[in-house]
Amino acid sequence: MSGAEGTAERRPAAGTTPPALDVERIRADFPVLHQEVYGKPLVYLDNAATTQKPRAVIDAVSRFYAHDNSNVHRGVHALSQRATEEYEGVRGKVREFLNAASERELIFVRGTTEAINLVAATFGRARIRAGDEILLTEMEHHSNIVPWQLLAEQVGATIKVVPITDTGELVMESFEQLLTDRTRLVAVAHLSNALGTINPVRRIIQAAHDAGVPVLLDGAQAAPHIRVDVRELDCDFYAFSGHKIYGPTGIGVLYGKEKWLEDMPPYQGGGEMIRQVSFTRSTYGDLPAKFEAGTPNIAGAVGLGAAIDYVRGIGLDAIAAHEHAVLEYALAAADAIPGMRVVGRAREKASILSFVLDGIHPHDIGTILDRQGLAVRAGHHCAMPVMEHYCLPATARASFAVYNTRAEVDALMAGIRKVQEVFGL
Amino acid sequence: MSDLRDLYQEVIFDHNRNPRNFRAMEDANRTAEGFNPLCGDRLTLYLKVDDGRIVDASFQGSGCAISTASASLMTDALKGRTVEEAEGLFHGFHDLITGEGGAPVDLGKLEVLSGVREFPTRVKCATLAWHTLNAALDDQGEPVTTE
């Protein structure tokens, strides 16, 4: 397997000391964390659903509306110019963050879901035909399944699915077998939201490219936890959401190699994305405007820029090392609790602790933890095929971010024992 | 955490651990399926209705303690009731759980679920069985969901 590859991606090599990270200082940056819920200090462990926002992001959005608010790319006046510079400036930050070759390759969208739908609706409709195959995996989030199903239904293509093992890793032999001369696209999560598995994406991309097949990576979960270099990965598309990386909701990014984006028809029609419009014919703008019809989420982009600055200020390697230590601590603590079972034990794993308790439904776990100030998710995590694989209706999930501590893991485990006590187990 | 004790009363644990009427019914003449897509709770409700009276009620499925106990208590409460009385119980139970509504109905044992009122995110767990009952009585072919 690609163990060494994944390791190098997310933390310093074994033996080196992880860079020190002052968690208390980081926590001080997040106003929402400093509150009580039901009289208990809030322990926020639902970061895979959305992360909290540092003061810098909140202030950037507020400052934009207080000082610079205007529409972009059209006004001749000072505010419009400032708004345009800020908005386009964020594209530059995203380029550096992903190490994309050009800002033309970065499209602002609402989030990962819209990014994937965009690729399905444009790349997909232009290049995928009846009898073609789209290769997904069993651990995908619904947002990396349903857009492809919609496309497949429209054009008569087929969805193929790479199975997972019981530890939550892709069966790579099956991937290689399922990659055929009919495959037109591979779409796979970089990091699974339900299991925490870091997929061997380099190996996947290389094998796909050897077969002439482009690859889309769903980076919604990976972007906040793993340093991403789209040129080093050589992926064809990469999608992530601002709100999972300490930025605002309603803003996200689609990276696409310029050769694909140039080739793809527009997604939505409207203002901003055109060059010339008449009732007989319209011509489209250059990249990236071609894919950004209508007034974009300007303040959201400004907030995303502040979030990227914030993350880069700490450093993704330091964040990954810290989160890895918290996760390892949590996994060991979970193993020490009788009746608690972790779902997803991939060798390469980050951020996610999905679990079940004997005799207690995850929904009951969620309620009882909530009353102790512990915010976790209970449900199928928009990954029903994963639940089906494990024959579970649902799991409880704690997911960690840069501001979580071992003390919070202790609080979680004490909370879980309380759940068992309430149930008389 | 006294409100947790209000939600998770001993009777609820008892019905969760040992759900009553937990079986398929061969000679049921009304059945319906309920599904809560949010948490994955599923149940199939079986009724035997004879001359406007529910002579037997049972269920199968999987769910959280609240939804399992609710289905168990409901099937117990339904046996021997007329369809009209069952509809009255449905409305009374709904009002009990949501804290809304008109004149209180005597709900007997079902009142152990009143604590759900303080847990808005769990109302759908408690009402899943009852919405499924409605579907069974209306004989809707489609599975009902709480969404």
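Predicted model: local features only at pLDDT ≥ 70, side-chain atom pairs only at ≥ 80, totals over all residues.

Residues are numbered from 1 along each chain as its sequence is written, chains are lettered from A and ligands numbered from 1 in the order in which they are written, and side-chain values use heavy atoms, with hydrogens and water left out.

Q: Why is Thr367(A) called buried?
A: Buried means under 20% relative accessible area, exposed over 50%, and partly exposed in between (1.4 Å probe, protein chains only). Thr367(A) has 6% relative accessibility, so it counts as buried.

Q: Where is Thr367(A) found, and what does Thr367(A) touch?
A: It's in helix 13 (residues 362-370) of chain A; helices (H or I, at least four residues) and strands (E, at least two) are DSSP runs, numbered from the N terminus. Contact means heavy atoms within 4.5 Å, and leaving out residues up to four places away in sequence, Thr367(A) touches Leu4(B), Leu7(B), Tyr8(B), Phe119(B) and Arg122(B).

Q: What makes Asp364(A) and Arg122(B) a salt bridge?
A: The rule wants a side-chain nitrogen of Lys or Arg within 4 Å of a carboxyl oxygen of Asp or Glu. For Asp364(A) and Arg122(B) the closest N and O atoms are 2.8 Å apart, so the pair qualifies. Across the interface of chain B and chain A, the rule finds one salt bridge.

Q: How much area do chain B and chain A bury between them?
A: About 1,600 Å², with 58% of it on carbon and sulfur atoms. Buried area here is the accessible area (1.4 Å probe) that two parts lose on being put together, summed over both. In residues, 24 of chain B are in contact with 16 of chain A.

Q: Which residues touch the most other members of the largest nonpolar core?
A: Val94(A) and Val186(A), out of 83 residues. Helix 11 (residues 298-314) of chain A gives the largest share of this core, 10 residues. A nonpolar core is a set of buried Ala, Val, Leu, Ile, Met, Phe, Trp, Tyr and Cys residues joined through side-chain atoms within 4.5 Å. Val94(A) has Leu106(A), Phe108(A), Phe240(A), Val253(A), Leu304(A) and Ile308(A) as contacts, not counting residues up to four places away in sequence.

Q: Why does Arg184(A) with Asp132(A) count as a salt bridge?
A: The closest N and O atoms are 3.3 Å apart, and the limit is 4 Å, so the pair passes. It links distant parts of the chain: Arg184(A) sits in strand 7 (residues 183-189) of chain A, and Asp132(A) in the loop between helix 5 and strand 5 (133-137) of chain A, 52 residues apart.

Q: Buried or partly exposed: how do Arg184(A) and Asp132(A) come out?
A: Arg184(A) is at 29% relative accessibility, so it counts as partly exposed. Asp132(A) has a relative accessible area of 8%, so it is buried.

Q: What makes Glu262(A) and Arg104(A) a salt bridge?
A: Their side chains meet at 2.6 Å, N to O, and that is within the limit. Glu262(A) is partly exposed because its relative accessible area is 43%, and Arg104(A), at 26%, counts as partly exposed too.
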